[in-house]
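Student: I'm new to this one and would like to know what the labels really rest on. Could you show it to me and take me through them?

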Amino acid sequence: MTTGMLLFTIFTIPIAVGKNIQTLLISRFFQGAFGAAPLSLAAGGIVDIWSPENRGIAIAACIGTIFGSPVLAPIIGNFVAASYLGWRWCHWLSAIMGGSAALLVLFCLPETLAAKVLQARAAKLRKSGEKPEARTIYDSKKHMGLADVARIYFMRPFALLATEPILVLITIYQSFIYGILYLVFVSYPIEYVEIRHWSQGLSALPFLGLSVGVLLGAAGVIWHTKTKFTASVRANGGKVIPETRLPTMIIGGAIVPAGLFIFAWTANPSIPWPGQVIGSIPTGAGMYMIFVQCFNYLIDVYAPIANSALGGNMLIRSSFAAAFPLFGPYLYHNLGVSWATSTLAFISIALIPIPIFFYLYGARIRSWSKNSVSTH
């Protein structure tokens, strides 16, 4: 994770000083490749540190930063780019924040994997002479070779995507929601700059509606986790029933299209702008509730191999996030803001049955899986 953050920071600098598109594209590629490491490893660390009852709160905070930061970034970036600092300082700020995060991880985040912690403790006891015979159950296991590393870290995520229907369908749903989040960065400038003729800085302020929605969605997830989910765990003798996470996702799935329809049909410049901002609040809340509970559900189902499950999930999800802004301008310019956003709303309605299906039949599907923690 530390190496990934450091290399992310290093490859941000050529973007800030680059003089041609080739430099920007190559640096952005490596920036994304190395920046993916912390996102892939975060879930495993959360599983290591927090109990299932508290894991949902930790995930809510973690996803709050992952989901909320892209919403706030255009507000900051637009005002910075429009100021005397210019657009290059957007990337200098990213480099500063990336370097700071790398230092925090290096000095403030210890190893969390139980096997590594025990092995380090045993090695310390042997080295000090206090207990020369100190060993752990993990010391008897052979060290991973290159083939083992390739099988676990490169092949297993693809194998899970090929064989696990829960992972596949939840990933599709989450990826679509993530794609909408990044499509917003195309649709808002079209609506507020091209159609309503707002300035660059002011055109980013409607993102605050999404931010409010994210905060409300986080409050809903935390409340559900502290009450309904925790009560379910206690009632089942400490055993987690992953499907207990899904009612929040179902609610989020219902309010996302409602918010999208409000945004779509208040897009006419003759309609005052607060209508669209109001529509973005349920959109932000619903997207957050879906997104975070997808994470929680997958971690609950695949806890021992959460990093592998979420590694495959992130590959698909990030591909959606990269692709949506590419076709977004064509979608919005050809269909218009109202029908383009309505199209997304109709697709989101079509995906609502996914969490309902797993809420009803998830336990049975997990019983067929060799990878679900609930079957072991």
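Tutor: Let's start with a definition: a salt bridge is a side-chain nitrogen of Lys or Arg within 4 Å of a carboxyl oxygen of Asp or Glu. Two notes on the source: this is a predicted model, where local features need pLDDT of at least 70 and side-chain atom pairs count only at pLDDT 80 or more, while totals for chains, interfaces and linings use all residues. Residues are numbered from 1 along each chain as its sequence is written, and side-chain values use heavy atoms, with hydrogens and water left out.

Student: What makes Arg245 and Asp300 a salt bridge?

Tutor: Their closest N and O atoms are 2.6 Å apart, and the cut-off is 4 Å, so the pair qualifies. Arg245 sits in the loop between α8 and α9, and Asp300 in helix α10, 55 residues apart. Helices here are DSSP runs (H or I, at least four residues; strands are E, at least two), numbered from the N terminus.

Student: Which other pairs pass, and how many are there in total?

Tutor: The count comes to three salt bridges. Arg366 pairs with Glu243, with 2.6 Å between the closest N and O atoms. Arg366 is in helix α12 (residues 353-367) and Glu243 in the loop between α8 and α9, so this pair ties together parts 123 residues apart in sequence. Then Arg196 and Glu191 meet at 2.8 Å, N to O.

Student: Are Arg366 and Glu243 buried or exposed, and how do you know?

Tutor: Buried means under 20% relative accessible area, exposed over 50%, and partly exposed in between (1.4 Å probe, protein chains only). Arg366 has 6% relative accessibility, so it counts as buried. Glu243 has 5%, so it is buried too. Arg245 and Asp300 are both buried as well, and so are Arg196 and Glu191.

Student: What makes a set of residues a nonpolar core?

Tutor: Such a core is a set of buried Ala, Val, Leu, Ile, Met, Phe, Trp, Tyr and Cys residues joined through side-chain atoms within 4.5 Å. The largest one here has 71 residues, and Ile63, Phe67, Ile170 and Tyr288 touch the most other members. Helix α7 (residues 165-195) brings the largest share, 15 residues.

Student: Why does Ile63 count as buried?

Tutor: Ile63 has a relative accessible area of 1%, so it falls under the cut-off. You'll find Ile63 in helix α3. Setting aside neighbours within four places in sequence, Ile63 is in contact (heavy atoms within 4.5 Å) with Gly68, Tyr288, Phe291, Val292 and Phe295.

Student: How do you know when two rings form an aromatic pair?

Tutor: Rings of Phe, Tyr and Trp (its six-membered ring) pair if their centres lie within 6.5 Å; planes under 30 degrees apart are stacked, over 60 edge-to-face, and the rest tilted. That gives 22 aromatic pairs.

Student: Why is the Phe11 and Phe30 pair called stacked?

Tutor: Their centres are 5.0 Å apart, with 20° between the planes, and an angle under 30 degrees makes a pair stacked. Phe11 is in helix α1 (residues 2-17) and Phe30 in helix α2 (residues 21-49), 19 residues apart. Phe11 is partly exposed, with a relative accessible area of 23%, and Phe30 is partly exposed at 31%.

Student: And what kind of pair do Trp198 and Trp273 form?

Tutor: Edge-to-face: 6.0 Å centre to centre, with 85° between the planes, and that angle is over 60 degrees. Trp198 is in the loop between α7 and α8 (207-235), and Trp273 in the loop between α9 (246-264) and α10 (274-301). Trp198 and Trp273 also belong to one aromatic cluster, with Tyr178, Phe207 and Phe291 among its other members.

Student: Last one: why is Tyr84 called exposed?

Tutor: Its relative accessibility is 79%, so it clears the cut-off for exposed. Tyr84 is in the loop between α3 (52-82) and α4. His197, in the loop between α7 and α8, also counts as exposed, at 63%.
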